[in-house]
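User: I would like to learn how to read a few features of a protein model. Please take them one at a time.
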Amino acid sequence: MANFELGNPKKAARLLSQILESQPTHSAQQTQKYLESRVPGKNVQETKPSWFSNYTRLCQGRRLPEERSGDPLRCYLDGKRHAYFTLAPLQVELVHLDPDINVYHGMLSSKQILSIFEEADKEEMVRSAVAGSGGEGTVRDLRVSQQTWLDYKSPVMNSVGRIIQFVSGFDMAGAEHMQVANYGVGGQYEPHPDYFEVNLPKNFEGDRISTSMFYLSDVEQGGYTVFTKLNVFLPPVKGALVMWHNLHRSLHVDARTLHAGCPVIVGSKRIGNIWMHSGYQEFRRPCNLTSDSYKSLAYRD
Ligand SMILES: O=C(O)CCC(=O)C(=O)O
Ligand SMILES: [Fe+2]
């Protein structure tokens with residue numbers, strides 16, 4: 001019966017006839033009649049996408065061994081990016097090269113984070129949604145968190161805006177408000193890209209060129225951010241900022257940036273996301289003479 005319902009009527013018929021051959025009066029006769037009067041179910045065997053095993057492994061903090069040698073990844077201090085960082089250089093951790101993923105440590109103090117929470121408390125936290133087929137928000141189990149949005153008017157958010165501008169070099173004219181999200185135990189966001197590619201929001205110019213994500217808490221266990229196609233996992237570190245580009249310089253989407261927020265196992269996780277759009281940034285991140293968008297073609301599912 002289960003085989004029939006799961007879209008395998010031939011197997012169901014074979015098993016039934018085996019039973020009835022050896023025992024013609026078996027109660028399976030009823031089943032045969034029942035099945036003859038029904039349409040078999042659809043074959044719903046779930047095919048897991050290629051990245052799925054990487055996802056669960058990375059969430060446990062286990063990476064595949066690297067193929068390349070002479071790993072260029074490193075940590076360094078950068079006091080030259082902007083005058084703002086002359087006295088307090090950026091503490092940069094380059095966790096992936098091409099596409100670059102950088103973690104900037106110690107970007108927000110506990111006091112600033114508390115002020116952000118105070119601002120967020122003035123707003124209503126709502127269940128996060130994901131874009132549906134027509135671009136409208138829908139609530140799904142693949143994204144379990146609460147969220148709200150903060151503009152850059154309050155003193156603390158003004159500082160946050162300046163940090164993003166000086167670290168990324170982008171014009172804040174293209175920035176969405178900061179999305180403050182809170183994941184409880186079991187909260188997660190399954191692998192997804194941050195770009196839209198289709199159904200671009202009308203109130204911004206262009207797609208999401210970059211993601212800037214602040215960790216606003218540590219997490220006791222779980223809650224890693226993982227890049228399933230790049231073999232990267234990041235344990236949340238309170239006050240750190242993660243930044244990467246979702247688009248190539250040519251503004252084609254970079255499918256290598258598929259990423260996820262792994263389930264929180266113990267504790268809770270709070271983050272602040274700022275997505276920058278590609279409009280107004282043509283002088284900030286100009287195209288190369290030749291496009292490198294071919295690099296991500298093989299990574300499209
Ligand atoms: O929670 C994380 O670590 C990732 C969150 C994320 O990817 C998002 O909100 O778009
Ligand atoms: Fe994301």
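User: How many residues of the shell around ligand 1 are nonpolar, polar and charged?
Analyst: The classes go by residue name: Ala, Val, Leu, Ile, Met, Phe, Trp, Tyr, Cys and Pro are nonpolar, Asp, Glu, Lys and Arg are charged, and the others, Gly among them, are polar. In this shell two residues are nonpolar, four are polar and one is charged. The model is predicted: local features need pLDDT of at least 70, side-chain atom pairs count only at pLDDT 80 or more, and totals for chains, interfaces and linings use all residues. Residues are numbered from 1 along each chain as its sequence is written, while chains are lettered from A and ligands numbered from 1 in the order in which they are written.

User: Which residues surround ligand 1?
Analyst: A residue is near a molecule if its C-beta atom, placed from the backbone, lies within 6 Å of it. Around ligand 1 these are Tyr189, Asp194, Thr225, His259, Gly261, Ile271 and Asn273. At least two residues of this shell come from each of β16 (259-261) and β18 (269-277). Such labels stand for DSSP runs numbered from the N terminus: helices are H or I with at least four residues, strands E with at least two.

User: Is Phe4 buried or exposed?
Analyst: Count the other C-beta atoms, placed from the backbone, within 10 Å of a residue's own: 20 or more is buried, 12 or fewer is exposed, and in between is partly exposed. Phe4 is buried because 21 other C-beta atoms lie within 10 Å. Phe4 belongs to helix α1 (residues 2-5). Pro9, in helix α2 (residues 9-22), is partly exposed because its count inside 10 Å is 16.

User: What does Phe4 touch, apart from residues up to four places away in sequence?
Analyst: Two residues are in contact if their C-beta atoms, placed from the backbone, lie within 7 Å. Phe4 touches Pro9, Ala12, Leu35, Pro40 and Gly41. Pro9, with neighbours within four places in sequence left aside, is in contact with Phe4 and Pro40.

User: How are two packed helices described?
Analyst: By the angle between their axes and the distance between the axes. Axes are lines fitted to C-alpha atoms, for helices over the stretch in contact, with angles from 0 to 180 degrees between N-to-C directions. Here the axes of α5 (residues 110-122) and α6 (residues 155-168) come within 9 Å and cross at roughly 115°. In α5, Gln112, Ser115, Ile116 and Glu119 meet Val156, Met157 and Ser159 in α6. That contact has three nonpolar, three polar and one charged residues.
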